[in-house]
Amino acid sequence: MKNKVTKAIFPVAGLGTRFLPATKSVPKEIMTLVDRPLVQYAIDEARAAGIKEFIFVTSRGKGALEDYFDHAPQLEQELVKKGKDDLLEILKSTNMESGEIAYTRQHKALGLGHAVWCARRLIGDEPFAVMLPDDVISADTPCLQQMTEAYRESGGNMVAAMEVPREKTSSYGILDVSEDMGSLVQVKGMVEKPKVEEAPSNLAVIGRYILSPKVLKNLNDMKEGAGGEIQLTDAIAQEINGDEGVFGLRFKGQRFDCGSKAGFLQATVAFGLEREDLRDDLRRYLFEVVSAEKAAE
C-alpha cells in the first residue's frame with residue numbers, strides 16, 4: 001500500500017475581493033453556505049478522507065477564521081442548560097482539538113504555488129493534500145476520499161479533474177492526457193490558463209490535490225508562471241516525467257465555484273434542496289419565482 005495521506009494544506013490567504021463589501025470584515029472562508037461556513041465543508045471532506053493534521057495558510061485579517069475552530073465553553077453550557085442537544089452536537093463537530101490545526105502566514109499574494117510553499121516546514125517529507133475551500137463539491141463519496149482511495153493504487157501526484165466547456169479552458173489549469181483509463185488518466189502535460197485555441201483538452205484541474213513533497217522542492221525555485229504568479233500547476237508538471245508521475249481523477253460529484261457570486265448562489269440553492277428541513281419551502285419559493293417570470297413574459 002502507498003503512503004497514507006494525513007496532512008492537508010488549506011490556502012485561505014486571499015482577500016475575497018469578489019465578495020466586497022462583506023469581506024471587508026468577514027473572511028470569505030467563513031461566509032455561510034446554508035448554515036455552515038465554506039471552510040467547514042472542506043474540513044468535513046478532509047476528515048472523511050483520513051486527514052489528521054490541518055494546515056491553514058492565512059494572511060492579515062483572518063482572525064475570525066482562526067477563532068471559528070476554537071471551543072466555545074460558554075455557548076456549550078447555554079445549549080446544555082436549554083436542553084438543545086442537537087445543536088450542541090453540531091457545535092462540537094466544528095471543534096478542532098489541540099495539535100490538529102496549525103497556521104502559517106503568506107505575507108505576499110504571490111499565487112497558489114507560493115501559498116503551498118509557505119507550509120513546507122509543516123509538511124516535511126511525506127505526501128500531502130491541498131484543498132481550496134472555494135471549490136465546494138457535492139458527492140455521495142467525498143471528493144478527497146475518492147482521491148485517497150485511487151492514490152493507494154497509483155501513488156505519485158494526483159489532481160481532481162472535470163470536463164469544462166472548451167471556451168472556458170482559459171480559466172483553468174488544463175491536462176494533456178497520455179492514457180485515459182476511465183476515471184483515472186495519466187498526464188503528459190499541464191498548462192495553466194491556456195488560450196482556448198491552445199488548450200490540449202477540456203479536462204480541467206479543480207481545487208483538490210494529493211502531492212509528493214518533491215513538489216515543494218520544485219516550488220523553491222520561485223519561478224513566475226501565468227499571471228506573474230508562482231503557479232502550483234507548474235511545480236506539479238515538473239513531476240510528470242519523474243519516477244511517480246502525475247494522474248488526474250475524474251471525480252464523481254458536482255463542483256460549485258463558491259469563489260464567484262453566481263457559484264455561491266447556485267451552491268446555496270443546491271445544498272438547501274438537499275435539506276429535509278428546507279426543501280419544501282425552498283422548492284415552493286423557486287416555483288413561484290419561475291411562474292412569475294413566465295407570466296411576465
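A residue is called buried here when its relative accessible area is under 20%. The legends below describe close-up views of a predicted model.

**View 1. The salt bridge between E29 and K62 joins two loops.** The side chains of E29 and K62 meet with a distance of 2.9 Å from N to O. E29 sits in the loop between β1 and β2, whereas K62 sits in the loop between β4 (53-58) and α2 (63-68), so that the pair links distant parts of the chain, 33 residues apart. Both E29 and K62 fall under the cut-off and are buried.

**View 2. K28 and D134 form a salt bridge, one of 12 in the structure.** Here the N to O distance is 2.8 Å. Because K28 belongs to the loop between β1 (7-11) and β2 (32-33) and D134 to the loop between β6 (128-131) and β7, the pair ties together parts that are 106 residues apart in sequence. K28 is buried, and D134 is buried as well.

**View 3. The largest pocket has a volume of about 1,400 Å³.** It is lined by 44 residues, and those closest to its centre are R18, L112, L132, D134 and E229. At least two lining residues come from each of α5 (112-117), β11 (203-211), α9 (232-237) and β13 (254-257), and β11 gives the largest share, with four residues. Sorted by class, the lining of the largest pocket holds 17 nonpolar, 14 polar and 13 charged residues.

**View 4. The second largest pocket has a volume of about 250 Å³.** Among its 17 lining residues, R36, Y41, I137, A139 and F271 are the closest to the centre. Both α1 (38-48) and β7 (135-138) supply at least two residues of this lining, which is made up of nine nonpolar, one polar and seven charged residues.

**View 5. Helix α1 is largely enclosed by the rest of the structure, because eight of its 11 residues are buried.** The buried residues of α1 include L38, Y41, I43 and A46. After α1 comes G50, which has a positive phi, near 95°.

**View 6. R36 and D44 meet in a salt bridge.** Their closest N and O atoms are 2.3 Å apart. R36 has 30% relative accessibility and therefore counts as partly exposed, and D44, at 28%, also counts as partly exposed.

Definitions and conventions:
Residues numbered from 1 in each chain as written. Predicted model: local features only at pLDDT ≥ 70, side-chain atom pairs only at ≥ 80, totals over all residues. Heavy atoms only, no water. 1 Å grid on protein atoms, 1.4 Å probe; cavity = no way out; pocket = protein on both sides within 12 Å on 5 of 7 lines; lining within 4 Å. Points joined across faces, edges and corners; volume = space filled by probe spheres on them. Nonpolar A, V, L, I, M, F, W, Y, C, P; charged D, E, K, R; others polar. Buried < 20%, exposed > 50% of the residue type's maximum accessible area, 1.4 Å probe, protein only. Salt bridge = Lys/Arg side-chain N within 4 Å of Asp/Glu carboxyl O.
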